[in-house]
Amino acid sequence: MNHYVYIIESASSNVLYKGYSTNPIKRLNEHNAGQSIYTSKRGPWQLVFVAQFASKAEAMRFERMLKRQNHRYLRWLIDQPTNLMRN
């Protein structure tokens, strides 16, 4: 099973939300359907970053690191060639 860390961006408020999922497209649909308390009032959301990991532990470590980063770093990361959304 693949594990992913994703970043979604709110079109209405320029907020970046970081999360973990085994299916980031399905998770994006859940965010846009209001199934997450934090993201329910800030949508619509678009997927702007995806990274794949071999293990859940590895993905969770990366997600924790992302949650501590500033907006400038996240924008830089989104623009990197390692972002699966850029392929």
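**A loop, a helix and the overall fold**

I begin with Pro44, which is located in the loop that runs between helix H1 (24–32) and strand S3 (45–53). Please bear in mind that what we are viewing is a predicted model.

The protein contains 3 helices and 3 strands. Following the sequence, their order is β-β-α-β-α-α.

I turn next to helix H1. Which residues of H1 are buried? They are Pro24, Arg27, Leu28 and His31. Viewed down the helix axis, the buried residues of H1 fall within an arc of 105°, and they therefore line one face of the helix. As for what covers these buried residues of H1, the list includes S1, S2 and S3. Just after H1 comes Gly34, whose phi is positive, at about 80°.

A positive phi is also found at Asn14, a residue other than glycine, where the value is near 60°. Where does Asn14 lie? Asn14 belongs to the loop between strand S1 (3–10) and strand S2 (16–21). Is Asn14 buried or partly exposed? With a relative accessible area of 44%, Asn14 is partly exposed, because partly exposed covers values between the 20% limit for buried and the 50% limit for exposed.

Let me now consider the protein as a whole. The C-alpha trace spans about 30 × 30 × 25 Å along its principal axes. Of the 87 residues, 43% count as buried.

I close with the surface and the charges. The protein exposes about 5300 Å², and 50% of that area is supplied by carbon and sulfur atoms. How far apart are the mean positions of the positive and negative charges? There are 13 positive and 5 negative charges, and their mean positions are 5 Å apart.

Thank you for your attention.

Conventions:
Residues are numbered from 1 along each chain as its sequence is written. This is a predicted model: local features need pLDDT of at least 70, side-chain atom pairs count only at pLDDT 80 or more; totals for chains, interfaces and linings use all residues. Side-chain values use heavy atoms; hydrogens and water are left out. Helices (H or I, at least four residues) and strands (E, at least two) are DSSP runs, numbered from the N terminus. Buried means under 20% relative accessible area, exposed over 50%, partly exposed in between (1.4 Å probe, protein chains only). Accessible areas come from the Shrake-Rupley method with a 1.4 Å probe; for residues, only the protein chains shown count as cover. Lys and Arg count as positive and Asp and Glu as negative; His and the chain ends are not counted. The place of a charge is taken as NZ of Lys, CZ of Arg, CG of Asp or CD of Glu. The arc is that of the directions from the helix axis to the C-beta atoms. Contact means heavy atoms within 4.5 Å.
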